[in-house]
Amino acid sequence: MYKVRDMIGREVTVENNVTYVVVFFSPQVLEILHALGVSDYVVAIDTYLKHSIIFEDPLLPRFLNINAIQSINAAKCSQLDTLLKPHLIIMDICNKNQKIARECLKVLESKGIPVYATCSTMNSKNDLEKWYEVIESFGVIFQCVERAKDVIHYLKSLIYMIYSTLNNVSHHPRFILSFNKPTLIAGKKCFCAVLGEMVGGVNIGNVIDDVHVEVKPEFISDANPEVWIVWAGMQKTIEEIYKTFSGVEAIKKNNVFQMPWLGCAKSPLRAHLYIAWYASIFYPTKTHSFNEVIDEFIYRLYEIPRWKL
């Protein structure tokens, strides 16, 4: 038997041969398990997760046969010991279904079913470090320690490569991240904007203690961002920006970029891609080609050759 500590500090005891796993509320875990080569051990996921992957994720359906994985209503978690008898349940308890997840966790604990709890909330680089520990724990649980080490090493080396090229950068560009309208912007708690700050950008919405908030046009004009980023798929927002904010430096320099849709930025793996993308637009002459980075990333972790944006 193995003992590991999950993301909320609980000690979890698992059997030596874990090959029958249920995942609740966490596409991040499915992605990591595939990168470790053990996604075939997943026998069921919750219905909400399955739906969100099929209709919202640009990547997971490319390497996981989601339709072949059984889906279960999370409300039936109390019956898992009789329905499936899983060796382990991996469950995220920090998402929008956290009330259901925490109730489910209590029930499963009372039945003695091993549950490894994760927390998808990410607000800083330190949270990425916590996910490296999760990958290490999964290496122990699924007896793929060397592969887990390889994945962690690759992710850390990618971050090191990005940071090492920015050592001599003295200028930190002011940026704004807008959503379905120019004045709906990312605040201090928006992890997508936090990723931009990790490579030296200065989010003008950082003074707002929220995920996103609508501000007056004067707020943007006064902050005068040098780079304007627009959420994926919001082409009308870009058109409105050029019409309304012609005096802002980002418009004068044509530094308006639409964020590529790489899936949820709170995926601990894909967060690395967003960091690389930010670096490529903030410092285009200093960083590696983003297409080269994503090609290697997708191939190394998912074995999909040359997946292009």
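# A walk through the model

Let's start with the open space: helix α2 gives the largest pocket the largest share of its lining, 5 residues. Helices like this one are DSSP runs of H or I with at least four residues, strands are runs of E with at least two, and both are numbered from the N terminus.

Before going on, a word about what you're looking at. This is a predicted model, where local features need pLDDT of at least 70 and side-chain atom pairs count only at pLDDT 80 or more, while totals for chains, interfaces and linings use all residues. Residues are numbered from 1 along each chain as its sequence is written, and side-chain values use heavy atoms, with hydrogens and water left out.

Back to the empty space. Rolling a probe the size of a water molecule over the atoms shows where such space is left. Here that is done on a 1 Å grid over the protein atoms alone: a pocket is an open set of points with protein on both sides within 12 Å along at least five of seven lines, a cavity is a set of points where a 1.4 Å probe fits but cannot get out, and lining residues have an atom within 4 Å of a point. Grid points are joined across faces, edges and corners, and the volume is the space filled by probe spheres set on them.

The largest pocket holds about 970 Å³ of space. It is lined by 33 residues, and Q28, K96, C264, A265 and K266 are the closest to its centre. Elements giving two or more residues to this lining are α1 (27-35), α2 (47-56) and α8 (191-197). Sorted by class, the pocket lining has 15 nonpolar, 10 polar and 8 charged residues. In this sorting, Ala, Val, Leu, Ile, Met, Phe, Trp, Tyr, Cys and Pro are nonpolar, Asp, Glu, Lys and Arg are charged, and the others, Gly among them, are polar.

What about closed space? The count comes to 1 cavity of 30 Å³ or more, and the largest cavity has a volume of about 60 Å³. Its lining is made of M161, I162, T165, A276, A279, T287, H288, F290 and V293. Helices α7 (145-165), α12 (270-282) and α13 (290-302) each supply at least two of the lining residues, with the largest share, 3 residues, coming from α7. The cavity lining splits into 6 nonpolar, 3 polar and no charged residues.

Now look at helix α10 (residues 235-244), where T237, I238 and I241 are buried. Buried means under 20% relative accessible area, exposed means over 50%, and partly exposed is in between (1.4 Å probe, protein chains only).

Next, charges. Side chains of opposite charge can pair when their charged atoms come close. A salt bridge here is a side-chain nitrogen of Lys or Arg within 4 Å of a carboxyl oxygen of Asp or Glu, and the structure holds 14 salt bridges.

One of them joins the side chains of R10 and E109 (2.8 Å, N to O). R10 lies in the loop between β1 and β2 (11-14) and E109 in helix α5 (residues 98-110), so this pair ties together parts that are 99 residues apart in sequence. R10 is buried, at 18% relative accessible area, while E109 is partly exposed at 40%.

D127 is buried at 11% relative accessibility, and K130 is partly exposed at 43%.

A further salt bridge links K181 and E214, whose closest N and O atoms are 3.5 Å apart. K181 lies in the loop between β8 and β9 (184-186) and E214 in strand β11 (residues 212-214), so this pair ties together parts 33 residues apart in sequence. Both are partly exposed: K181 has a relative accessible area of 32% and E214 one of 47%. Elsewhere, salt bridges that share partners join R174, E226, E249 and K253 into one network.

Finally, visit the start of the chain. M1 lies in the segment before β1 (2-5) and is exposed, at 61% relative accessible area. M1 and N16 are 15 residues apart in sequence and 5.0 Å apart in space, C-alpha to C-alpha.
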